[in-house]
Amino acid sequence: MFKLQDLKPSSDWILEDSNEFLSRQCKEVTFPLNDKDLLLVNRMVSYIDACYENRDSQYDIRGGIAVAAPQVGCDKKIIYIHFDDEHNKEHRYLLANPEIVATSVACCYIKSGEGCLSVFKDHKGHVKRFNKIRVKALDMLNDNKPITINAEGLLSICLQHEIDHLSGILYYQRIDKKHKFLDDDKSLIAY
């Protein structure tokens with residue numbers, strides 16, 4: 001079972017998009033994690049939980065709702081998500097080896113554009129994502145038991161964004177250079 005440590009988050013934990021580490025393919029997670037990876041995963045959780053608790057300004061860190069292991073220098077397939085969705089439902093997942101196993105036909109995007117803790121320069125444009133996905137993973141907050149998540153809307157977008165990190169893909173690489181904004185596409189759901 002993953003043991004959470006409450007660490008004081010720091011902005012220097014997060015790698016910037018210019019760091020080549022973020023373009024690498026991550027490795028499958030095997031348990032138990034070594035001490036270095038345990039520390040890095042605890043950093044992921046401490047950072048995002050501080051943001052969730054509105055303590056980002058207290059620690060002088062950029063706010064965020066999720067993080068992937070490569071963003072903290074860990075080359076394992078691990079993501080952490082903690083936020084309240086548009087229906088005020090709390091989502092908190094620490095997932096190992098997440099895999100998208102099903103997608104909807106319908107697609108969506110975030111009106112204001114996606115952001116990323118590792119990306120400091122604003123990249124204008126919308127990222128087209130599947131509106132609904134099914135993800136299978138190991139639940140590190142629940143004895144590494146298999147979990148299936150049926151996600152829609154913001155949770156779906158967030159999962160896709162973080163899973164992309166595990167393949168070395170940043171959100172702005174998915175912005176269509178010829179059609180950066182999707183406001184006119186009535187077939188897409190906007191959030």
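**View 1. Strand E2 (residues 78–84) and strand E3 (residues 90–103) run antiparallel and are joined by 7 bridges.** The model is predicted: local features require pLDDT of at least 70 and side-chain atom pairs pLDDT 80 or more, whereas totals for chains, interfaces and linings use all residues. Residues are numbered from 1 along each chain as its sequence is written, and side-chain values use heavy atoms, without hydrogens and water. Strands (E, at least two residues) and helices (H or I, at least four) are DSSP runs numbered from the N terminus; two strands pair if DSSP finds at least two bridges between them. Ile-81 has Tyr-93 in E3 as its bridge partner.

**View 2. Helix H1 (residues 35–52) packs on the sheet and touches E1, E2 and E3.** Contact means heavy atoms within 4.5 Å. The direction of H1 makes about 15° with that of E2; axes are lines fitted to C-alpha atoms, for helices over the stretch in contact, with angles from 0 to 180 degrees between N-to-C directions. Helix H3 (residues 154–165) also packs on the sheet, touching E1, E2, E3, strand E6 (132–139) and E7, and its direction makes about 155° with that of E2.

**View 3. Three strands form an open sheet of mixed pairing in the order E5-E4-E8.** Strands E5 (129–130) and E8 (189–190) stand at the edges, each with a single partner strand, so one side of each lacks a neighbour in the sheet. Strand E4 (residues 107–109) runs antiparallel to E5, with 2 bridges joining them. Cys-108 stands opposite Arg-129 in E5.

**View 4. The count of disulfides (pairs of cysteine sulfur atoms within 2.5 Å) is 0.** Cys-51 is in no disulfide, the nearest cysteine sulfur being that of Cys-158, 12 Å away.
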